[in-house]
Amino acid sequence: MNVDIEALHLTVPFGNRWERVQTPRYHWGNATRGQEAPFVIIQWTLEGRGGFELEGQSWSVEPGNAFIAILPEQGSYFFPKNAVEPWTFAWINFYGALAVSLCRAFRQMYSPVMPLARDSAASTRFLELAQWGENRAARDPHEVSAACYAFLMEWARQLDPNVRFGRDPVERAIEVCRTRFREPIGVKQLAAESGLTREHFTRRFTQQAGKPPAEFLCDLRRAAARSMLAEQAATLKEVALRCGFPSVKSLRRALS
């Protein structure tokens, strides 16, 4: 069975982490672009506002919101004629049949214009992709595809009402620590699951838990290790493995 692995690839050949316009001459029609190779544009407003039109409907793209355009289509994006402030934004292009299919499903599930919160895992991944598009350096297509999909999933997590209006993300992270501290989880994974950047997550976690997340995890693992050593005839290697420590050396360091 022959499989075209390229059909699974998403590429980001173009992007920009920061662009500013302030003239109505900035107006892109989408009907005649992408006819040879359909592609996706995701443009995120940082300051000011832009406009987006699709099949007769119009949206104002305010700060903290992004639009998804899938070209070719009957629509456009532009600097509004009545806008006062410059429109500052970041953008990326996705290419590949899978990228188009995923973004079309994503847009149908949510909206052509959606919130993309600052200081979130989704926005961090978006800006990383924009930087890759800026540099245009050759990258492993599997790595790029995985990063594109990870961005979309982080954005979906942010838009999911069950996540957005559920419990506080730090409260969830504390529960994850208490129930899964024996697993090889760390601050990076906890931050990603919370939908916050690592720095923002660490700051909020420390404020709410009274100690940084790495220390909180270590305290849980230390307590479990001491209890296991007191109650069972186990080797240090077994205790380290069963209590979430990566090595006997790290276990000894925690118990000293």
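A: Begin with a term. A residue is buried when its relative accessible area is under 20%, exposed when it is over 50%, and partly exposed in between. Note also that this is a predicted model.

Q: Is Glu 73 buried or exposed?
A: Glu 73 has a relative accessibility of 11%, so it counts as buried.

Q: What does Glu 73 pair with?
A: Side chains of opposite charge can pair when their charged atoms come close. Here Glu 73 forms a salt bridge with Arg 107, and the closest N and O atoms are 2.8 Å apart. The pair links distant parts of the chain: Glu 73 is in the loop between β6 and β7 (75–78), while Arg 107 is in helix α1, 34 residues apart.

Q: How many salt bridges does the structure hold?
A: There are nine salt bridges. Another of them joins Asp 219 and Lys 211, with the closest N and O atoms 2.6 Å apart. Asp 219, at 24% relative accessibility, counts as partly exposed. Lys 211, at 25%, is also partly exposed.

Q: How far apart along a helix are Arg 242 and Glu 238?
A: An α-helix has 3.6 residues a turn, so residues three or four places apart point the same way. Arg 242 and Glu 238 are four residues apart in helix α9 (residues 236–242), which means about one helical turn separates them. Their side chains meet in a salt bridge of 3.2 Å, N to O. Arg 242 is partly exposed, with a relative accessible area of 39%, and Glu 238 is partly exposed at 33%. Elsewhere, salt bridges that share partners join Lys 211, Asp 219 and Arg 222 into one network.

Q: Which residues touch the most other members of the largest nonpolar core?
A: That core has 31 residues, and those touching the most other members are Ile 42, Ile 68, Ile 92, Phe 94, Leu 129, Phe 151 and Trp 155. At least two residues of the core come from each of β3 (39–47), β6 (65–71), β8 (87–95), α1 (97–109), α2 (121–135) and α3 (141–159). The largest share, eight residues, is supplied by α3.

Q: What is Phe 151 in contact with?
A: Leaving aside neighbours within four places in sequence, Phe 151 is in contact with Ile 42, Ile 92, Phe 94, Leu 116, Ala 122, Arg 125, Phe 126 and Leu 129. There is also a second, separate core of 26 residues, which includes Ala 173, Val 176, Leu 220 and Leu 251.

Q: Which elements do the buried residues of α2 pack against?
A: They pack against β1, β3, β8, α3 and α6 (187–194). Among these buried residues are Ala 122, Phe 126, Leu 129 and Trp 132. Just after α2, Arg 136 takes a positive phi of about 55°.

Q: Where does Trp 18 lie?
A: Trp 18 lies in strand β1 (residues 15–21). Leaving aside neighbours within four places in sequence, Trp 18 is in contact with Leu 46, Thr 88, Phe 89 and Glu 134. Trp 18 and Leu 46 are 28 residues apart along the chain, and their C-alpha atoms are separated by 8.4 Å.

Conventions. Residues numbered from 1 in each chain as written. Predicted model: local features only at pLDDT ≥ 70, side-chain atom pairs only at ≥ 80, totals over all residues. Heavy atoms only, no water. Core = buried A, V, L, I, M, F, W, Y, C linked by side-chain atoms within 4.5 Å. Buried < 20%, exposed > 50% of the residue type's maximum accessible area, 1.4 Å probe, protein only. Contact = heavy atoms within 4.5 Å. Salt bridge = Lys/Arg side-chain N within 4 Å of Asp/Glu carboxyl O.
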